[in-house]
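Let's take a walk through this structure together.

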Amino acid sequence: MEREVEIVPEAGLHARPASQFVQTANEYDATVEVGMADGEDLVPANSMLSVTGLGAKHGEVVRLVAEGDDAEAALDALEAVLSTPEDGE
């Protein structure tokens, strides 16, 4: 199961949005990977170092791939994290 999502937070997948993304990925019984939509490489969504290492910026599109019992719920939750502006935006 996979989905492409545009990054809304101004910080991109760095700092607080990345932390929230990784925490959310760890809440589900699913293996989730993330990568740039225009690339082939995927990294574990539950690894802060891997997620921030993508260098994904505001307005860019990432591809989420999930497998497992909670795959759809995990994708829904992660899409919500990426689609929600940070406080104060």
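**Starting from Val 34**

Val 34 counts as buried, because its relative accessibility is 0%; buried means under 20% relative accessible area, exposed over 50% and partly exposed in between, with a 1.4 Å probe and protein chains only. Before we go on, note that this is a predicted model, where local features need pLDDT of at least 70 and side-chain atom pairs count only at pLDDT 80 or more, while totals for chains, interfaces and linings use all residues. Residues are numbered from 1 along each chain as its sequence is written, and side-chain values use heavy atoms, with hydrogens and water left out.

So what does Val 34 touch, leaving aside its neighbours within four places in sequence? Its contacts (heavy atoms within 4.5 Å) include Phe 21, Leu 42, Val 51 and Leu 64.

Val 34 sits in strand β2. Strands here are DSSP runs of E with at least two residues, and helices are runs of H or I with at least four, numbered from the N terminus. Over in β3, Val 43 is the bridge partner of Val 34. Strand β2 covers residues 31–36 and is joined to β3 by two bridges, the two running antiparallel; strands pair if DSSP finds at least two bridges between them.

Zoom out, and you'll see four strands making an open sheet, in the order β1-β4-β2-β3, with antiparallel pairing. At the edges are β1 (2–6) and β3 (43–44), each pairing on one side only.

Now for helix α1, residues 15–25, where Ala 15 lies. Ala 15 counts as exposed because its relative accessibility is 54%. Ala 15 also has a positive phi of about 50°, although it is not a glycine.
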